[in-house]
Amino acid sequence: MKDKVVLAFSGGLDTSYRAKYLSDVKNLDVYTAIANTGGFSQTELDAIEKKAYQLGAVKHVALDVTNSYYEKSIKYMVFGNI
């Protein structure tokens, strides 16, 4: 049984390299996740998921944190006219 690791995964160069490295070199089961704060289209999220699996991820999830992100930070910037 392999050890497991969770990787915050954007699909960019750094996290793509890290997913491949952890999977192939370190022989870990890699679970990837992206926090969607509302800035991604479904097409972009699908492409990121596909890339995660191509790089060796065992499981990938997109976490919809749009509402909590707004409630915990964005609304204060709006209210503060920042």
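Modeller: Helices (H or I, at least four residues) and strands (E, at least two) are DSSP runs, numbered from the N terminus. The model is a predicted one, in which local features need pLDDT of at least 70 and side-chain atom pairs count only at pLDDT 80 or more, while totals for chains, interfaces and linings use all residues. Residues are numbered from 1 along each chain as its sequence is written, and side-chain values use heavy atoms, with hydrogens and water left out.

Colleague: In which helix is the place of Y76?

Modeller: With helices numbered from the N terminus, the run that covers residues 66–79 is the one that holds Y76, and this run is helix α3.
K75 lies in this helix too. The place of Y76 is therefore given, by the DSSP runs, as helix α3.

Colleague: Is K75 buried or exposed?

Modeller: Buried means under 20% relative accessible area, exposed means over 50%, and partly exposed is in between, with a 1.4 Å probe and protein chains only. The relative accessible area of K75 is 18%, so K75 is buried.

Colleague: Which residues does A57 touch, not counting residues up to four places away in sequence?

Modeller: Contact means heavy atoms within 4.5 Å. With residues up to four places away in sequence not counted, A57 touches V30, T32 and A52.

Colleague: How is the aromatic pair of Y17 and Y21 arranged?

Modeller: Rings of Phe, Tyr and Trp (its six-membered ring) pair if their centres lie within 6.5 Å, and planes under 30 degrees apart count as stacked, over 60 as edge-to-face and the rest as tilted. A search of the whole structure finds one aromatic pair, and its rings, those of Y17 and Y21, are 5.9 Å apart centre to centre with 20° between the planes, an arrangement that is stacked.

Colleague: Where do K20 and D24, whose side chains meet in a salt bridge, both lie?

Modeller: A salt bridge is a side-chain nitrogen of Lys or Arg within 4 Å of a carboxyl oxygen of Asp or Glu. The structure holds one salt bridge, in which the side chains of K20 and D24 meet at 2.9 Å, N to O. K20, at 38% relative accessibility, is partly exposed, and D24 is partly exposed as well, at 45%. These two residues are four residues apart, about one turn of the helix, and both lie in helix α1.

Colleague: What is the phi of N27, which is not a glycine?

Modeller: Most residues other than glycine have a negative phi. N27 sits in the loop between α1 and β2 and is partly exposed, with 44% relative accessibility. Although N27 is not a glycine, its phi is positive, at about 55°.

Colleague: How far apart in space are V58 and N27, C-alpha to C-alpha?

Modeller: V58 lies in strand β3, residues 57–64, and counts as partly exposed at 40% relative accessibility. Along the sequence V58 and N27 are 31 residues apart, and in space, C-alpha to C-alpha, they are separated by 12 Å.
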